[in-house]
Amino acid sequence: MTSICLYFEVHQPVRLNRFSVFNIGACTDTYASYFDHNKNRAIFEKVANKCYLPTNNLLLDLVRKYDGKFRISYSLTGTFIEYCELFMPQIIESFQELFETGAVDFIEETYFHSLSSLYDDLDEFEDQVKMHRDMIKRLFNYKPKVFRNTEAIYDNRIGKKVEEMGYKGILTEGADKILDWRSPNYIYKPKNGNIKILMRNYMLSDDVGFRFSAKQWQGYPLTADKYAHWMSQCHGDLINLFMDYETFGEHQWADTGIFDFLQHLPGEILKHENLDFVTVSDAVKRYEPVGEIDVPWAISWADADRDVSTWLGNNMQIACFNELKEIGKLLRKKKDEDLLYTWRLLQTSDHLYYISTKGFEDGAVHAYFSPYEIPYDGFINYMNILQDLKQKAMK
């Protein structure tokens, strides 16, 4: 038997206002001045109507139709939940309804979808994970057993810390440079650790997440029966299909047929006697590690490099990241809760993602998500805001 572990990341960043050098030192309300609340609301409501609400309704119908045999997992970022609470609380209710079926699991992560796991010490990382844990407890009365770091970033140090925090499993990318000849379709454990590591099958995941509507792709058109057949031919304990939730209706629009594909997928998979579905907690409980992986340098699920160069790949990104860390040291001593919250919103990885200068296919994906004409505009805007916050932190 090979299990299908279907996991969705659900995230929305808090996008920035245009903030010129002349604004530095002039604003009194950082939350109102730094963040573009009209744009944020408009984008959230658009994605909610195209993706979150219709996909939740479809998946709830499917979970009920297959009486718990169709099982899925989510991670919901804190910024996403704050949008829901502000603008569309019915989305939270729909996730609660999904969770109550018993076939849906939730995963822990950093509340602000941050890169705090890459800081010199992990105090901020631990604080953000605890904030996320409290949020999931408040909304679902549940304590997740499995962790997924921002963008599946993982190395030996992160794995050790997450294990010390009591989690039984962690998700990351099935990067070839780590696995080498080995398959992502098994559970591994870290060198000198015992936490179970679930490795993303990036080929099969990206067939849906990135290639579904690509007419030049040799697998096009991707149908549910074809996809299920591919997986039925795979070897291993577990096929981890990890992708953005916005794949459904936003990245792949409804007219591509993505919802028809999703509607038929559980039935087509369950036609194969050698396939079933598990949540991440089911997978950690059912399967044992078949070997160790050693990850001294951080990997992620982003870009072709599958490392952290997505956010720290050029001098502009590194300058902003270092400034962000220095401001954090000042604010954690200052204990100003409003400024600390603003700093944490600025830690969301998307702000550094927009400053990437990568080219080719990676560059095209960055440009698709970025609100800036060029990465340099993103750098100037973000750095101006950081300088204003730094002045306030030093007072």
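1. A polar contact is a pair of N or O atoms within 3.5 Å; within protein, one atom must be able to donate a hydrogen and the other to accept it, and residues adjacent in sequence count only if both atoms are side-chain atoms. By this criterion, the side chain of R332 makes a polar contact of 2.4 Å with the side chain of E124. A further polar contact, of 2.9 Å, joins the side chains of R332 and D127.

2. The model is predicted: local features need pLDDT of at least 70 and side-chain atom pairs count only at pLDDT 80 or more, while totals for chains, interfaces and linings use all residues. Residues are numbered from 1 along each chain as its sequence is written, and side-chain values use heavy atoms, with hydrogens and water left out.

3. R332 is found in helix α13; helices (H or I, at least four residues) and strands (E, at least two) are DSSP runs, numbered from the N terminus. R332 and E124 are 208 residues apart in sequence, and their C-alpha atoms are 9.1 Å apart in space. Leaving aside residues up to four places away in sequence, R332 touches D123, E124, D127, L340, W343 and R344, where contact means heavy atoms within 4.5 Å.

4. The charged pairs deserve a separate point. A salt bridge is a side-chain nitrogen of Lys or Arg within 4 Å of a carboxyl oxygen of Asp or Glu, and the count by this rule comes to 29. One of them links the side chains of E124 and R344, at 2.7 Å from N to O. E124 lies in helix α5 (residues 123-140) and R344 in helix α14, so this pair ties together parts that are 220 residues apart in sequence. Both E124 and R344 are buried.

5. Two other salt bridges may be examined in the same way. In the pair D207 and R211, the closest N and O atoms are 2.8 Å apart; D207 counts as buried at 7% relative accessibility, and R211 as partly exposed at 23%. E268 forms a salt bridge with K271, with 3.1 Å between the closest N and O atoms. E268 counts as buried because its relative accessibility is 17%, whereas K271, at 61%, counts as exposed. Elsewhere, salt bridges that share partners join E124, D127, R332 and R344 into one network.

6. What is the nearest side chain of opposite charge to the buried D307? It is K177, 4.0 Å away, yet D307 has no salt bridge; in this count Lys and Arg are positive and Asp and Glu negative, with His and the chain ends not counted. D307 is placed in the loop between β10 and α12 (309-312). Beyond residues up to four places away in sequence, D307 touches K177, A298, I299, S300 and A302.

7. The strands include an open sheet of 5, in the order β4-β5-β7-β6-β10, with mixed pairing. β4 (146-148) and β10 (292-293) stand at the edges with a single partner strand each, so one side of each has no neighbour in the sheet. Two strands pair if DSSP finds at least two bridges between them. Strand β6 (residues 187-190) and β10 run parallel and are joined by 2 bridges: K189 stands opposite E292, and P190 has I293 as its bridge partner. β6 and strand β7 (residues 196-200) are antiparallel, also with 2 bridges, and I187 stands opposite L198. These two strands form a hairpin with 5 residues between them, and N192 in the turn has a positive phi of about 65°.

8. T279 lies in the loop between β9 (275-278) and α11 (280-286). At 3% relative accessibility, T279 counts as buried. Among the residues that T279 touches are C5, R71 and D105.

9. The last point concerns helix α17 (residues 375-394). At 1.5 Å a residue, its 20 residues should span 28 Å, and its end C-alpha atoms are 28 Å apart, which agrees; the expected span is 1.5 Å times one less than the number of residues. The buried residues of α17 include G378, F379, Y382 and L386. Among the elements covering the buried residues of α17 are α1 (30-34), α13 (315-334), α14 (337-346) and α15 (350-353).

How values were computed
Buried < 20%, exposed > 50% of the residue type's maximum accessible area, 1.4 Å probe, protein only.
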